Each structure stands twice: as structure tokens, then as C-alpha cells.
Amino acid sequence: YQRRVRAETGGPIQFELIGTGQQRLNFGAVRGLSKNRLQHFSMHSDDNIGRIECISFKMETRDKWMPEYLAAWSSYDHEKVYFYSQGKTYYSTDAKEGPSRGKICNITYTITTTTSTEKLAIDVAALRAELEKTKVELAWQSLHMAAAAACRGGAVGGGTGGWFNDVKIKENKKTCTEVCKKASRICVGEVSVDGFPGKATSYTENVGSFFNYGCNGGGPGKPYYEEVQAPAENILKYPRPQFGYGYCCCKRVK
């Protein structure tokens, strides 16, 4: 998958999968890699290289290519292994554009601990779960801040009053007028917002998207577009199984 400016390529690229113990499997040539699209390629082999640890590739075209991420899996191990392009590098047979070969490996993070004299042990699994929970909560808070900013920017006349107004979850199959009224508020709009992960590297790159809706309709009436019903971990998935989450902009009644 690639989404950066001029990241796509139409020329052939040779891929090789590297598994446990540096076992290698020649995947062959792949062509026609498009931007902003998830594309799937498969091949058959009787070789089992174990867990896939790295992907190497060799450009056979001057048409430069920049991968965002690659995912690989096998029929004997259905767990997907993701490989992210850390260097944000273009690849090409033209040395002026970039290197012709690349290798991306799955990063393993290791925590080494020693037990104290009181025999207190660190539960690494619990620590990882807590870190993941914190990451998810921060991602949701970032989306909430974006929704609040969108509501503020969309307020007619710039907003009035010496008090905080509310951002409520757009409840599936209910209008924002109904949602705000239930909280003794007045609806001033509905927004659907989303932001893309990673740092921008171009002034023409799209880093987020939004929709502005009216109070009496708008947003899609599907459960997975609603934050309350969506799985918490969906906020970290990219590409997401849906675009944006709906929020109601509710003005406080004096």
C-alpha cells in the first residue's frame, strides 16, 4: 500500500520473502502498484519458510516507487505480518531517484528485566496491554479534539455564550437534533472526521478528511460509523474498515 505523492509505479518489482533462519522464497515479479489502493498478490509454493521476518525487493523499472507498508502471510500461518517503510525512500533503477534494492524487516521489541530481592516480577504481558490501551485512548482523544474543533469552526456566527458546548456521539439511526435534545442542548451541526497516520512529507499530501452535515440527517446509519458500537482498536487500523465517525455539535441552552 502507498499513498504519498508519485508513490505508485507501473513497472515490475521482484519480491523475495525471508523467513525463520534466513530461509528464502522467491515471490516473483509484481506489476502495476497503484496509489491509495490495497492490492493483493499471491503465488503457490511447496516450501515452508516458517514465520515471515523480512521482505526484500529489487526494482526492474526506472519508474520510482515508495511503499507505505507491506503485509505478508501464508496458508500455513494466517497471521499477517506488517512491514512499514521507515525511511520514506523512493526506489528506482535510476540512481538519481533512489536505490534499486530494499529490505524491510518486522521489528521486535524486547524488554530485559531483573527481579528484585523482594522477588517482584514485571508482568510483561500486562505492561504491553496497558501500553496498547493507552495508545488506543490517546488516539480516540485526538479524534474527539478534532471533532470539537470542527464543531467550533462550523458554528454559525463563530459561536456565542460564556460556557462550554458539547460534542456528542452521533447515535446510529438518530438525527443530531434528537441526540442534542436528549441532553437539553440545541443542535448546530453534525460532522464526520478522520485523520491519516504518519508525518506528512509533501505540501500536497492529504492528512485528513471531513464531512459537514445538517442536524436532521446526514451521516451514514451504519453501526461501524458510530464510536460507541465500533471496536476500540479500530481507531488504530489503517486503512480503516470505515471512513470517519459521526459527531453531533450541541450548543448549550442558556
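## Strand β10 and its partners

Tyr247 in β10 is the bridge partner of Ile169. Strands here are DSSP runs of E, at least two residues long, numbered from the N terminus. This is a predicted model, where local features need pLDDT of at least 70, side-chain atom pairs count only at pLDDT 80 or more, and totals for chains, interfaces and linings use all residues. Residues are numbered from 1 along each chain as its sequence is written, and side-chain values use heavy atoms, without hydrogens and water.

Strand β7 (residues 166–169) runs antiparallel to β10, joined by four bridges. Strands count as paired if DSSP finds at least two bridges between them. Strand β8 (residues 185–195) also pairs with β10 in the antiparallel sense, over eight bridges. There, Cys187 stands opposite Cys250. Six of the eight residues of β10 (residues 245–252) are buried, so the rest of the structure largely encloses this strand. Buried means under 20% relative accessible area, with a 1.4 Å probe and protein chains only.

## An open sheet

Four strands form an open sheet in the order β2-β1-β3-β6, with antiparallel pairing. β2 (24–30) and β6 (101–105) are at the edges with a single partner strand each, so one side of each has no neighbour in the sheet. Six bridges join β1 (residues 13–18) to β2. Gln14 stands opposite Ala29 in β2.

## Two cores

The largest nonpolar core has 18 residues. Such a core is a set of buried Ala, Val, Leu, Ile, Met, Phe, Trp, Tyr and Cys residues joined through side-chain atoms within 4.5 Å. Phe15, Phe57 and Trp65 are among those with the most contacts inside it. A second, separate core has 13 residues, including Val191 and Cys249.

Notes:
Buried < 20%, exposed > 50% of the residue type's maximum accessible area, 1.4 Å probe, protein only.
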